[in-house]
Amino acid sequence: MAIITTLITGALTGLIISTTGVGGGVIVLPILTYLYGMNALMAVATANLLSMLMKVASSWLHYKLGNIPLRRAMIVLGIMLPATFGASLLVTWLASVPAWQAITEKSINLLVVAAILFSLWLFIQRMFFPPPLPANTAETPMSVRELLLPGITAGVVLGATGVGGGIVVLPMLLRYAKMDIRQAIGTSIFVTTLLSGSSAIAYMQDGHTDVRLALWLFAGSLLSMPLTKILLTRMPDRAFQYATLILILCSAVMMTLNLF
């Protein structure tokens with residue numbers, strides 16, 4: 001019965017990640033914290049592995065649908081990857097020092113909430129007060145200089161907290177990489193697949209990851225792929241935006257309550 005519940009949970013999680021780009025911070029962390037009773041560090045470690053596994057198939061699906069501008073995606077990846085891996089190694093080291101364990105967990109929870117609230121502000125600005133952009137965003141120039149600081153910051157947050165696509169990377173892509181919502185979702189999934197993988201490697205070294213649970217949840221996520229493809233081809237952009245906004249709001253409430 002527990003396995004069936006885990007498969008259903010994985011299917012719902014995979015559907016949300018694939019259609020909105022929202023992942024570890026919004027969906028997986030609250031699930032691992034509230035449903036499976038994990039502490040902050042173990043939840044972050046397991047969320048990174050699960051996020052990588054779930055997003056491999058989703059990345060391929062978005063690529064086939066033309067939602068990933070590869071040149072821009074590789075620039076974003078090149079900026080974020082060193083920051084993500086370095087932050088993961090730092091958190092793992094701090095958690096291994098007994099005197100710093102409690103402070104590290106509390107800091108992770110605070111950083112998660114701060115990232116959610118900041119990205120919520122960015123997303124609302126983009127959604128309701130968008131800057132004027134040409135219709136073809138593929139021709140809109142992207143400033144690497146403007147992307148540098150947000151990209152490094154997003155990489156550090158993802159590596160330290162497991163907060164990824166919808167919370168940090170998606171709003172960043174919308175605002176600084178000049179992408180539309182479908183491109184931002186596709187690129188967010190592709191980039192955070194590789195970033196979560198690098199972070200998962202760092203956390204697995206000290207045994208913080210529940211690999212068995214991550215694999216069962218991943219197996220469940222595969223069940224939702226046919227429905228995901230239908231939604232991606234038929235839902236309007238505005239529907240994706242509202243779905244993402246609602247998920248970020250729900251996550252903000254849940255993770256804030258977890259502080260108390």
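**Pocket briefing**

Helix 5 gives the largest share of the lining of the largest pocket, 5 residues. This is a predicted model: local features need pLDDT of at least 70, side-chain atom pairs count only at pLDDT 80 or more, and totals for chains, interfaces and linings use all residues. Residues are numbered from 1 along each chain as its sequence is written, and side-chain values use heavy atoms, with hydrogens and water left out.

**Largest pocket**
- Its volume is about 200 Å³. A pocket is an open set of points on a 1 Å grid over the protein atoms alone, where a 1.4 Å probe fits, with protein on both sides within 12 Å along at least five of seven lines; lining residues have an atom within 4 Å of a point.
- A volume is the space filled by probe spheres set on the points, which are joined across faces, edges and corners.
- Helix 5 (101-128), helix 6 (144-161) and helix 7 (165-176) each supply at least two lining residues. Helices are DSSP runs (H or I, at least four residues), numbered from the N terminus.
- The lining includes Ala114, Phe118, Leu122, Pro150, Val157, Met172 and Tyr176.
- By class, the lining has 10 nonpolar, 2 polar and no charged residues. Ala, Val, Leu, Ile, Met, Phe, Trp, Tyr, Cys and Pro count as nonpolar, Asp, Glu, Lys and Arg as charged, and the others, Gly among them, as polar.

**Second largest pocket**
- The second largest pocket has a volume of about 160 Å³.
- It is lined by 13 residues, of which Val91, Leu94, Thr104, Ser107 and Ile108 are the closest to its centre.
- Helix 4 (70-95), helix 5 and helix 6 each give two or more residues to this lining.
- Helix 5 again has the largest share, 5 residues.
- The lining splits into 10 nonpolar, 3 polar and no charged residues.
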